Every structure is written in C-alpha cells, then in structure tokens.
Amino acid sequence: MAQDTQAPAPEVSTAQHGPVRVVTIHNPPVNALSAAVRRGLFDAIEQADAAPEVQAVLIVSEGKTFIAGADIREFGKPPVPPALPDVCQRIESCTKPVVACLQGAALGGGLEVALGAHYRLAFAAAQLGLPEVALGLMPGAGGTQRAPRLMGVKAAAELMLSGKPISAAAGVKAGLIDQLVGDETLSPLAAGLAYTQALLAQGAPVRRVCDLAVAEPAAALATLDALAEDTAKKSRGLFSPQKIIEAVRAAVALPFAEGMALERRLFLACIDSPQRAGLIHAFFAEREVAKVPEARGATPRPVARVAVIGGGTMGAGIAVAALDAGLPVVMVERDDEAIARGVANVSKVYDGLVAKGRLSEAQRAATLARFTPTTRYADVADVDLVIEAVFEDLEVKKAVFRQLDAVCQPGAVLATNTSYLDIDAIAAATGRPQDVIGLHFFSPANIMKLLEIVVPARVSADVVVTAFELAKRLKKVPVRAGVCDGFIGNRILATYKQAADHLMEDGASPYEIDAAVRSFGYPMGPCQVTDLAGGDIGWATRKRRAATRDPRARYVEIADRLCERGWFGQKTGRGFYLYPQGARTGQPDPEVLAIVDAERTRKGITPRAFTPEEILSRYLAAMVNEGAKVLADGIALRPLDIDVTFVHGYGFPRHRGGPMKYADTVGLPQILADLRRFAEEDPLFWQPAPLLEQLVAEGRNFDSLNRPAD
Ligand code: 3H9
C-alpha cells in the first residue's frame, strides 16, 4: 500500500511503496527542471537517504515526458540553488539504490538526472538525448563526465555534438540503459516499482557512474583529437561544440571531481555567450509563431485529401511534402506532356531516396499509390484543400482560381503558392474569398522548413487555423504574414539585395560581398544564392516591376547585364561565378568584374573600398530597417515572426536568433546611427523606419514587441 510522505514541493511528490520511496515529478508540460523541481528532487533524496524504512528510491515522472531538461526559461536569469549538477550529485551519492524510469523524452538535464541514478529502466518509445548544443550550450550537470564513462567517448561525444536523441533500444546497446520495460501497457510507476523490487530481491548494490573509468583512455583521446578537427570544420563559428570536446577530454584525463569542475566552468562560458541567447530565442520563437489571433476560438477544417495545381519544381516539391505527411495527393497539369513532367519530378525525389537506401521499394510504391496525376480539374472536386503552384502571373492564377471555384466542393480551402502577387485580387476572382489563403513554400518545398501563411483580408479564421494545422502535419515552421508585395521574406530580401547591389556598384566586388556575408554565418552570399536559384528568376521580377518602380530610386543594372548574356548562374555554367564542367562551387570570373567596372564607369561612379564590417553593416541595416517597416505595416505580427522567417527560409544564422534579435543584440541606437550615416549618401533608400526611431526614442528594443498575439 502506498503511503504519502511529506511532499517536498508541489512539483515533486513522494510516496512510500513497501521498501521503495517513489519520487514523482509533476511539472507540465514537459517536466522541465525548474528551481522548484530541483529543490523538490534534492530534498526528496535527502529524506529518503535518512529514512530507515526506505531501501531503494524510484524516480518517475507524470505525463508523456520523463524530463525535457533544464528549464530553458531560467537561463540568463540569476541562478537559484540547488544547481542541477548538485542535484545529480546528491542522487548519485545516495546510500540506497536509486532507479530512474524513463518514458517519452529524457533530454539534456533530464538524461543527466537519470545518469545520476544507479539503475535506468526505459520504455521502448523513450528518446534519450543531450541536445544542449542546439541551444548554444553543452551538458552542464555531469553529462559530459558520466555519459563517456557509460557509453564510451565516441558515442557520448557524438550524442552531445549532434544533439540528436537515440532510441531506448540504442541506449541499451550503448550501455546507457540497463533494461527495457517488458510490458508496455504498464504505467511508469508500475513498471518502475516492479523493476526496483526485483533489484532489491537480488540484493542489487548502489552503483555509481562516477566510480567508473573511461574505457581505453589512449584511444579515446585520439578519437577526441579527430573529432575536434572534424568539428572545427563542420560547426564553423559555433562556440559550444569545442567546449563539449574539451569537457569530454577531461572525463578521460582527469579525476571525476575535476572533470565536473571544468564542465561547470565551460557550461557557464556557454551560458554567457551571445550564441546561447540567439539559439534560445530561436527555440521559443519557433514555438510562438503558431500562436496567432485566429487560433482563438476557430476550429480547423478536416483535411483528408489535397490537390496541387502545377507539376513544376515547386508543385512537385509541395506534392512530395504532402505525400510524405501521409496525405493522398491529386496533381493537376494542363496537358499530357506537362503532367508527365510533373510525375517525373515527383518520382525523381523518391527514386533518389531509394538509390540512397533511405526508402525501400515497397515504401516508394506505397507512397506513390496515394498520388493521382490528372489533366482534369473535375478530379479535384472532392479534395479538402488545393494548393495552386502555377506560373507566377496574376492573370494565370486568377484563371486557375476561377476553375477551382467552379469544381471544388463547398468549404474546400483554396491556397495559392504565390511569392509576391496580390492574394486579395486572387481571392476576388472566386465567389468564395473566405476560403482563399496564401501558402508560400520555399524551394525545395519538401525540404525547406519555412511556410509563410499569407492571410488576405476576407479569409475566415478557420481557414487560417487549417493552414497552421496543415503546416504541422507537413513538419513545416509556419509564419503568419499579411498581403503585400513579397510578404515578409521576399519584401525584406528585395531591400537588402538592393543594399548589396549599391555596394557592388560603389566598389565592393560580388566576391567581397559574398565573403563578408558568409563570415557572418550565412552558408552562402547573395550572389552565390542568385547563381543557385537562377538569375533569370529575379530578372523576370525586376522586369515586371519596372513600370511601377519609383523613378527617383537608384537602380543597379549589373545583374541585368549578366542575364542579357544568358548568364543565369549554375544551370548555364556561369553567372556571378564560373562553373566549369557543371561544377557546383563557383570560381570568381574576371569578365564579371569587367562588367561591374563598365557599369560604374557608365554611371560616373568612382569605386571605393569597403571593409567586410562595412559591407555587413549596410546589408544588415537594410534588412532590419525594412523589417521595422514590415512590422509597422502589420505584415508580420511580431519581430519574432521575422526572425523565424529568415532563419528557416533565408539562411540567416540561427545562432544569431534572426535579424530583429540581432538588431537588439547590436543595440537599436547603433543601427539607427548607421542608417542615418548611410542616408547622407542616399536619403530615399536609407530613410530610417519611423518604428525604429520611435523604439530608440523610448529606449526600447524589438523584443519588447514580442508579446503574445492578441
Ligand atoms: C539543459 O538541460 C542543460 C543541462 O545540461 C544543464 C543545466 C545546468 N524548458 O516543443 P513543444 C516548452 S538545456 C522550458 O511544443 P513537443 C515549450 O516552449 C535543455 N520549457 O512540445 C512549449 O511551451 P509553450 C535541454 C520547455 O511535444 C512546451 O514546453 N533540453 C522546455 O513538440 C511544449 O514544447 C532540450 O533542449 C524546457 N527545457 O516536444 C529539450 N522544453 O506550450 C527542448 C519544452 O508555452 N525541448 N518547453 O509553447 C524539446 O525538444 C521539446 O520541447 C520536446 C517536446 C521534445 C521535449
């Protein structure tokens, strides 16, 4: 019979089951190790150790998660004792056997609590991980010292450097887990009690990981040297990966207590790094973006079947994303030839996966069995959601929507994948504007995480929440955007690309611009991106906009000169760079430099030198300034929506949190001062956004606008 003992804290309760003291963590939603949980755990172990009726301790958690780790919201705030390493140490030093029973996620500090215990039992579906690296951190409660002792240096370092969790079965193999739960229908309490009682019956002793030595220390150190070299190449510019390796090295080379002390110092250095602040901002922002005003009170419409109109690169990518989510997909194209191309585009993706051994033939066949190509609009009559991905032309799209309006069942969601066009105008072409929404995917649509959900004026709230629900099923990161030319992402992109064009015409070479942007943490610079995407795409947009361009605005024609020669980038073998024999990495092209020079001469510009810092200040100030205008116009709900857009759709380095977070880090007064300095040369382009001026005047930052949407 269970008997309640004194509860040390509401988040942690204890009960006596025969000789076993059960310590239960209850801190929804994910049992994060808040100060109260740490205190509760510490006190519970202390009491159990002292109580004569206790022969063993069992740590379990309520809910679907064992423990998701330290409470991330506490980082950056003054620490509250007991510190987590002390809690784990207290668990380990208990004089009676301590068992942890893991279900769901046992991550970061959660796994470290389990490593402090003497025995570990896990449900098959449990996920074990040390994902701190993704937050700019490293395990800081003994993970770097205990995991290598249990599983060996290589596997432990990989767990920490990749941040990816492993399954419970893999945990058993690696030596992290002692036993899997035999009867999956049991509760963690029942399974844990049965295991603990069996251990007591066997007379199982207290077994501390700190007493183990790392196996084969010489080989382990050599492994770490190799990992350090590899990590320096792969995680360029990231702070915490090298700290992880340093701490694991201590697990091999130093006594346990000294290793723990070093881990603490390195962990605190990570906590202080701006990368930690940027990555944790990104973590929460990615979750906040789904909290939109329409979510209050609206119910998503059921979506069991979808259709994609258009089988080009974009349409095929969207179809694959939907097929991968388990949805049946109808693809419509205008004629037999076009639909055959669409089918080939979809098949190519799955053929590639089969060739790489990532998909079996049977899985490929089962997936494609849900795919229905057609040339008849009548075949979309019974789908619940349609995504149009045809040629980017307003009249073409309106014609598609008129056809959809004629054939689709009432209540079907009609979405357009346009990246620039006026969705209000597209909606007005139908008799059901309340059902029309923008779903702006990024290429390749089955891989890129960002999905801009573009909300036109007349769409109903349940269509908006349906789109967010679909994004979840497709494993996308959805961001709500308003209607304007380019929405959030492409509107801001257009502005900072102009800043890059101005820099190029004024004296920076395309290669200097790309190098400066890469040095900030981008995988590629803007000219490399243009070459990858195809210069003709931007050229078409520039031509479309020529008629409406402000005649006073500065227009740089360098990219047009390249396109006029048919230099569209990688696909034509040259663009800003040369790609000999289909090479994917470009080489600088002296002829491009000559074209740039000729354009400067034609416009009477005397080139001047720009430092990488100056290039970056202009590039980023243009981005932030347009971001502030996008916010003031209500196109983005909050600064964090812009941050998530750029991290997931435009290669902005995640460890900097996003452009608006970056602006806060630099300080808005600095950004404004830069803009005013640049405005002396070109007042029209560099005019500071009134919102930015206002925030500076009020001594506020962008984060002060990151309130929950209402
Ligand atoms: C660490 O442990 C350091 C230690 O080594 C050393 C310390 C000294 N804290 O993701 P979801 C919130 S570092 C606070 O939507 P899911 C989350 O914001 C930590 N809050 O659910 C959301 O809140 P809201 C290492 C947290 O089912 C809600 O919980 N651990 C934390 O899709 C639901 O989250 C990690 O990095 C937290 N640790 O996924 C694990 N975790 O409802 C981070 C979540 O207000 N967490 N929240 O939006 C995860 O990976 C996922 O949340 C998890 C659940 C897989 C657990």
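The span of residues 615-700 is 66% helix and 0% strand, and its end C-alpha atoms lie 26 Å apart. Please keep in mind as you look around that this is a predicted model. In the unreviewed UniProt entry, residues 615-700 are listed together with residues 486-579 under "domain: 3-hydroxyacyl-CoA dehydrogenase C-terminal".

| Residues | Helix | Strand | End C-alpha atoms apart |
|---|---|---|---|
| 306-481 | 41% helix | 21% strand | 22 Å |
| 486-579 | 57% helix | 2% strand | 30 Å |
| 615-700 | 66% helix | 0% strand | 26 Å |

**Domains and their contact**

The domain assignment divides the chain into domain 1 (12-272), domain 2 (293-484) and domain 3 (489-634 + 637-705). Between the C-alpha centres of domain 2 and domain 3 there are 30 Å. Twelve residues from domain 2 and twelve residues from domain 3 make up the contact. On the side of domain 2 that touches domain 3, the elements giving two or more residues are strand S17 (450-455) and strand S18 (477-482). Of these, S18 gives the most, with four residues. By class, this side of domain 2 holds seven nonpolar, two polar and three charged residues.

Leaving out residues up to four places away in sequence, Ile437 touches Val413, Ala415, Ile453, Val454, Val455, Pro456, Val459, Val463, Val464 and Ala467.

**Around the ligand**

Finally, have a look at the ligand. A shell of 26 residues surrounds the ligand, and the closest are Gly69, Ala70, Gly108, Gly109 and Gly140. Strand S6 (105-107), helix H3 (109-116) and helix H11 (274-288) each supply at least two residues of this shell. Sorted by class, the shell around the ligand contains 15 nonpolar, six polar and five charged residues.

Key:
Residues are numbered from 1 along each chain as its sequence is written. This is a predicted model: local features need pLDDT of at least 70, side-chain atom pairs count only at pLDDT 80 or more; totals for chains, interfaces and linings use all residues. UniProt positions are given in the numbering used here, feature names are shortened, and annotations may be inferred rather than shown by experiment. A residue is near a molecule or strand if its C-beta atom, placed from the backbone, lies within 6 Å of it. Ala, Val, Leu, Ile, Met, Phe, Trp, Tyr, Cys and Pro count as nonpolar, Asp, Glu, Lys and Arg as charged, and the others, Gly among them, as polar. Two residues are in contact if their C-beta atoms, placed from the backbone, lie within 7 Å. Domain bounds come from an automatic or database domain assignment.
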